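Work through the exercises below with the structure in view. Try each task before reading its solution.

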Amino acid sequence: MKIVHFSDLHLDVPFAWMGVAADVARERRNAQRRVLQRIALLVVDEDADALFCGGDLYEHDLFTPDTSAFLRDVFGGLAPRRVYLAPGNHDWLGPDSLYATESWPGNVHIFDEDRLQPVTLDDGLTLWGAAHRAPANTDGFLDGFRVDRSGVHIALFHGAELGSLHFEAEGKQPHAPFREAQLTQAGLHHAFVGHYHRARQTQLFTYPGNPEPLSFGEDSGRGAVLATVGGDGSIQRQTYDVAETAVSDIRVDVSGCGSRTEIVTAVEQALKQHRGIVRATIVGDVGADVDVQRSDLQGLRLPDIDACQYRLQLSAAYDLDAITHEKTVRGEFVREVREAQLDPNVERRVLVTGLRALAGRRDLEVS
Amino acid sequence: MWIERIRAGAFGPLVAEELEFGPGMNVVIGPNESGKSSWHATLFAALCGMRRSRGAPRADDREFANRHRPWSGSDWRASAILRLADGRRIEISQDLGTMVDCRATDLTLGRDVSHEIMTDGSPDGSRWLGLDRTSFLATACVRQADVLDVQRNAGALQDALQRAAASARAESTAAEAIGRLEEFERDQIGTERAPTRPLRQAGARVAAARQELQLAEQDHSDFLSLSREVEEARAVAEAAQGRARAADAARAMVDADALTQRLEEARELVRLFPDGEPAAPSSDEEQSRQVASTLDRWRRKPTLLEVDGDTSSMIRSRIAELSEQSEGDTEVHESVARAWTDWTASGAVLRQLELERPEPLPAPETQGHSVADLFGYASALSGPSARLTASPESPLWYLASAALAVAGAGCLAAGLIVPAVAALAVAATLVGIRLMLPRRVLVPPQTEIGADTVQADLSRRGLPTTADALRGLAESALAFEQRQAAIGSWNERHDLQTSRSRSAQERLRAALRARGTAIGESDPIADSFASYEGHCRMRLESASRLQTVRVELQARELKEKQYDSVVRDLAELDEELRQVAARAGVAPDGQEEVAALASGLELWQQGRGERLREFESRRRQWDRLEMVLDGRPLEGLEADARDARSKADTLVAFVAPADVATAAEWLRGSDGQAQHEVVRAEEREARETLATLAERLRLRGASMRDVPAAREECASADAELGRLRDLAEVIRLTRQFMESAVDRAHRTIAPVLQAALSDRLAAVTHGRYVEALVDPETLAVQVRGDGRSWRSASALSHGTAEQVYLLLRVALAEHLVRAGESTPFVFDDATVQSDNVRTLAIMETLLSLTPTHQVVVFSQETEVAEWARVRLDGEQHRLIELRELPVER
């Protein structure tokens, strides 16, 4: 049996993290929808039997009526192929969630209990699914669970495999936690799960990761997973990159650039290698006289770049040690600032700001 | 640092010229037009280069270029070879024309070290000193024009020195830097209260964004809430729809059953009327009505009762007889009655008197003595005698007796015999009592006679001798007297009453006669009265009987009348019956007995009723058939039944059988239809409610704000506000540190400059001024002689001011130059305003710097040349003499 599994699409999520304009953010949300369409297309192209969603399909607090119509159309368009949805902690199943209020096509099955429930996918193949019924404090679905029939058993739910938690970014909460060993103890051959945004696959579980970027700095390997479940419970998997948006987090070292123009040119050259959404962190030691502002970079026009977030982390080539020995106001200033033992970043910014002011410059905002 | 050599590739009038310097004092002497100022500028340009600015060059750069561009050719170049304190030998080459080929090269290593001193786009050798080209020019490289301008524009010099003091790069004074920070904070950040400034605007944007987010979230919350309502309404509607469908299916099933039943009934009825509609019976309605009426009258015919007893004529005869018998008094006439009463009353009184007749008493032996005497004797014997008082002596006694007598007479006259007798008797008694009372016997109290004497006298008189006996005798005598008086009185009254009785009898006799009673004189009056009274009673009875008989007559006459009427009615009824029977054909000859005719008519009536009932029954069946078919042929009904069954089967197929059964059960109930309507109404209402809510949800969804966009805007606004607040904090800290640094720098630099200046001031001014004060903020200088007052340096003579500020520059340069380095001093006509003595003093002062500093002095003064020839010896000092440049180069 062939299954396409995805999770953590987070439709309607804000893109404040991109720091982009409203229209760009809206376009990103449109891109999320196109990703789901791509996944649906993958189901058709691969002639998969079913589509699995491991939760966090959308944002409960943010979704719009248009989202519900969109989902209905996409999933309904897959008929007669079955679509199985396991609500997560962001799209938890409540009385006012889309899952409860939308009139879903007949080929869509929503697991609506907070304990694993069986659905027969094929002769001898049982799918166990469960839903988050609250945004938090959902107990592990595998706690005390054991399959009650013979055959091959697979599971679909939104939960945190505790052994993988350390791979995630700091602050990731372990909703509906479980341990890999519990899968075997429960009699499950494999679990298709969601929650972790970083893709992770073991012999017993599959986290496909978020198929569309949700932050800068995400690694590769995320997307939709085409899984073939064998009659003996074996799993063959292939991950498809279905992302609509390319998100790059790059560092551009402009050390040695002697002028704003050189820096802008260097950044432009670096950006030409990328597309989509880019966060460019400009680093390096430049001359103290170099006057480059974020606005200088924001003026760049690159056809493949939808939006770019610039972070200027330039170190002015001030010889602070030498200045410290100056018997000038500048020397006193640097000495006092350095003696104040400020936060290093604040110290840097205060020093550069003061030195620029003493240099007669008016670009006193230091990132 | 010291400068080995400078080369003017092309610089003003100089072309491919070089000057070599020693590390100590270098005096370059030349007349006017020998290029001293050009060499000074070449040295400065070679060492510090020129600012490579974006856009148009600054005014001072333009002026410098105008003054020093090559007079011929365009390859404006200057270079210098330097020795740094760290031992490096550096060549700086400045491409002043294009600013492209400017570099600093470590001549030992052959490396480009330009980056160490790049300033404003070109290498600036003064950076190795810790200065820049501007501060170097302000302190260590004094131009002739600056010397000349000291007094006229001391402020400009101070400003330049302040800039140097601020950063050793002379880009800005500390005050300007602080002002710039303030300006930046004011313009680029602002305060929470400045409405046009970014911070306030960012705050407003945050507030607006948060409000928008709140509204958006509220929109979303409302949307979710409404979604729940819609789902609840949908569930209600679906349930109601299920009930309605079940009811509809049940209704369809019931209707189909009914239609099938109707079809069966129609088929049965059709079979009953093969010939179509039943014919109505012949019309004999009028006859039937007459028969019914006649029979009704017949059944209610009166019964002829026989009238027995006296006939009316007989009764009338009895009335005439009784009328005669009742003529006369039917009751005792008043006059008779009154007379009778009077007579009987008088007789009663008389009889009462007889009963009261007093018995005579025997006469006592009083021996002729009066009662009074006897009582007197008795008293005498027993002592003082009592006085007797008797109430019968009162006049009231007599009045009462008289009144009673009058009343008795009145009663008698009125015929009230008994009261009259009683009253009269009482009156007589009262009188009698009075008359029988003994008279009072009074014995004079003064008469005192002895008892014995009395007794003797009594005895002698034949009277008792004891008091008691005497008193008894007296009392007997008194009683006798009284009885005698009573007897007399009675007799009088008896006579009177006897007379009255006779008179009453006569009046009674007369009255009886007057009322027609025959009475003789000797007839007992009482019998006559009784006879009269008996006749009255007899007449009264006759009169009474007469009235009864008259009533009897009336009744009799009525009965006789009714009887006659019934006889007539029966005769008429018989005739009618015969006629009706004849018309009905019951008795064609009309000879049957009327009872038989009536029975015949009843039979006729029954037969007709049966025929009518049969017709009506068939009519009802026909009507029923028509109703069942409802104007359609039987085939149409069959089609309807088939359709209904098909519809019912279809509807039932979509509903659970149990629900249909339940619905069918209550549909068949008495209020089934009403319940069905209720279910449908509920279903309609639920559907309408759902539609209303769904439309509200749709409208809400269409108009709801975009929460993600609101959150993004909120995050963006927060970030901007955070950026500004963060920036404000950085600016605040920077300014705080800057102000503190300025304060500390001023406190440090002031004594250094003052000491350095004071040390050299006396030598330069030949002791005229020995002490200096330097304002660390403005670098304004005050000087004074020994014990004299302070004077501003700028107010001194031009030469003195020039010397003071020259020393200040030297002191400041010494102070500012990076530790471990020493700056070369370059002066162009630095003593031009000084007299010979001061000039030499200055040169000596400058010479005193040479152990640690290279000094280059450009001068045209003979005194300086001569001083140099005398004082400059050895390898480290140089005297360079320039020739006047040719006019055309």
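A salt bridge is a side-chain nitrogen of Lys or Arg within 4 Å of a carboxyl oxygen of Asp or Glu. The model is predicted: local features need pLDDT of at least 70, side-chain atom pairs count only at pLDDT 80 or more, and totals for chains, interfaces and linings use all residues. Residues are numbered from 1 along each chain as its sequence is written, chains are lettered from A and ligands numbered from 1 in the order in which they are written, and side-chain values use heavy atoms, without hydrogens and water.

**Exercise 1.** Find the network of salt bridges that includes Arg744(B).

Solution. The network links Glu332(A), Arg335(A), Glu336(A), Glu339(A) and Arg744(B).

**Exercise 2.** Describe the contact between chain A and chain B.

Solution. Count residues first. Chain A gives 47 residues and chain B gives 55, where contact means heavy atoms within 4.5 Å. Next, take the area. About 4400 Å² is buried between the two chains, and carbon and sulfur atoms give 59% of this. Buried area is the accessible area (1.4 Å probe) that two parts lose on being put together, summed over both. On the chain A side, Lys327(A), Val329(A) and Glu336(A) lose the most area to chain B, together 14% of what that side buries. Last, count the charged pairs: nine salt bridges join chain A and chain B.

**Exercise 3.** Which parts of chain A does the salt bridge between Lys2(A) and Glu46(A) tie together?

Solution. Check the distance: the closest N and O atoms of Lys2(A) and Glu46(A) are 4.0 Å apart. Now place the residues. Lys2(A) is in strand β1 (residues 2-6) and Glu46(A) in the loop between α1 and β2 (50-53), so the bridge ties together parts 44 residues apart in sequence. Helices (H or I, at least four residues) and strands (E, at least two) are DSSP runs, numbered from the N terminus.

**Exercise 4.** Is Arg279(A) buried or exposed?

Solution. Apply the cut-offs: buried means under 20% relative accessible area, exposed over 50%, partly exposed in between (1.4 Å probe, protein chains only). Arg279(A) has 17%, so Arg279(A) is buried. Its salt-bridge partner is Asp249(A), at 2.7 Å from N to O. Asp249(A) has 34% and is partly exposed.
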